[in-house]
Amino acid sequence: MQNILRKSFWLIVLSILSASCVKESSKPVKDGLKTLDWFIGSWTGEIKGSIFSETWKKVNDSLFSGQSYFIKGSDTLNRETISLQQQDTTVFYIPLVEGQNDNKPVYFKLTFSDNPPAVFENPGHDFPQKITYELRNGDSLVATVSGLQEGKRRIISFPMKREKNIKSD
């Protein structure tokens, strides 16, 4: 009898623990992109004499479109088209970089959002595997790409300042 009580006790404890481990993110994301409205705008930064910028616009409730440029002197070194898309209950960060990945988009799934930061991940991608955006003081944005590259941990941060708000709808 005591053995049955002990098993029942542990079943109850495990049931309670299992129920408490269910994350909020397992609920449908009704307002997924709405919580990322802070992306919208034009952002510019500089690292080692190179200028980089991102511009985000709201296309509709399930799509934000972005453009990113990396310029050194008069040369555009890197250009990418980015989108934030809500597909059902999942939000994706989808960059398309000219000359990379056979000119195909790469999907990074929103894995964490605390309004801000927002963390997007794709463990199967060569580099980066993680992209993090963090809004600081309302007018500063830091985009960080990280992961393993050729077996070594690599982190690159792109601090940017807000240039202007872009109205859309």
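Q: How do strand E6 and strand E7 pair?
A: They run antiparallel, with four bridges between E6 (residues 108-113) and E7 (residues 118-121). Keep in mind that this is a predicted model.

Q: Which residue in E7 does Lys-109 stand opposite?
A: That would be Glu-121.

Q: And how many residues sit between E6 and E7 in the hairpin?
A: Four. One to look at in the turn is Asn-115, where phi is positive, about 50°.

Q: OK, moving along the sheet. In what sense do E7 and E8 pair?
A: Antiparallel again, over four bridges. As an example, Ala-118 has Tyr-133 in E8 as its bridge partner.

Q: Switching to the core. Which residues in the largest nonpolar core touch the most other members?
A: Leu-36, Phe-39, Trp-56, Leu-84, Tyr-93, Phe-120 and Tyr-133, out of 26 residues in that core. So Tyr-133 turns up here as well as in the bridge with Ala-118, given that core members are buried by definition.

Q: Which strands supply at least two residues each?
A: E2, E4, E5, E6, E7, E8, E9 and E10. The top contributor is E9, which gives three residues.

Q: What does Tyr-93 touch, leaving out residues up to four places away in sequence?
A: Quite a list: Trp-56, Glu-80, Ile-82, Ser-83, Leu-84, Val-106, Tyr-107, Phe-108, Phe-120, Ile-131 and Tyr-133.

Q: New topic: what's the volume of the largest pocket?
A: About 850 Å³.

Q: Which residues lie nearest its centre?
A: Asn-78, Glu-80, Gln-100, Pro-128 and Val-145, from a lining of 31 residues. Glu-80 is also one of the contacts of Tyr-93.

Q: Which elements give two or more residues to that lining?
A: Strands, namely E2 (50-60), E3 (63-72), E4 (75-87), E5 (90-97), E8 (130-136), E9 (140-149) and E10 (152-164).

Q: Last one, Ser-53. Where does it lie?
A: In strand E2.

Q: Is Ser-53 buried or exposed?
A: Buried, because its relative accessible area is 18% and the cut-off for buried is under 20%.

Q: What does Ser-53 touch, again skipping residues up to four places away in sequence?
A: Trp-43, Thr-44, Gln-67, Ser-68 and Tyr-69.

Methods: Residues are numbered from 1 along each chain as its sequence is written. This is a predicted model: local features need pLDDT of at least 70, side-chain atom pairs count only at pLDDT 80 or more; totals for chains, interfaces and linings use all residues. Side-chain values use heavy atoms; hydrogens and water are left out. On a 1 Å grid over the protein atoms alone, a cavity is a set of points where a 1.4 Å probe fits but cannot get out, and a pocket is an open set with protein on both sides within 12 Å along at least five of seven lines; lining residues have an atom within 4 Å of a point. Grid points are joined across faces, edges and corners, and a volume is the space filled by probe spheres set on the points. Two strands pair if DSSP finds at least two bridges between them. A nonpolar core is a set of buried Ala, Val, Leu, Ile, Met, Phe, Trp, Tyr and Cys residues joined through side-chain atoms within 4.5 Å. Buried means under 20% relative accessible area, exposed over 50%, partly exposed in between (1.4 Å probe, protein chains only). Contact means heavy atoms within 4.5 Å.
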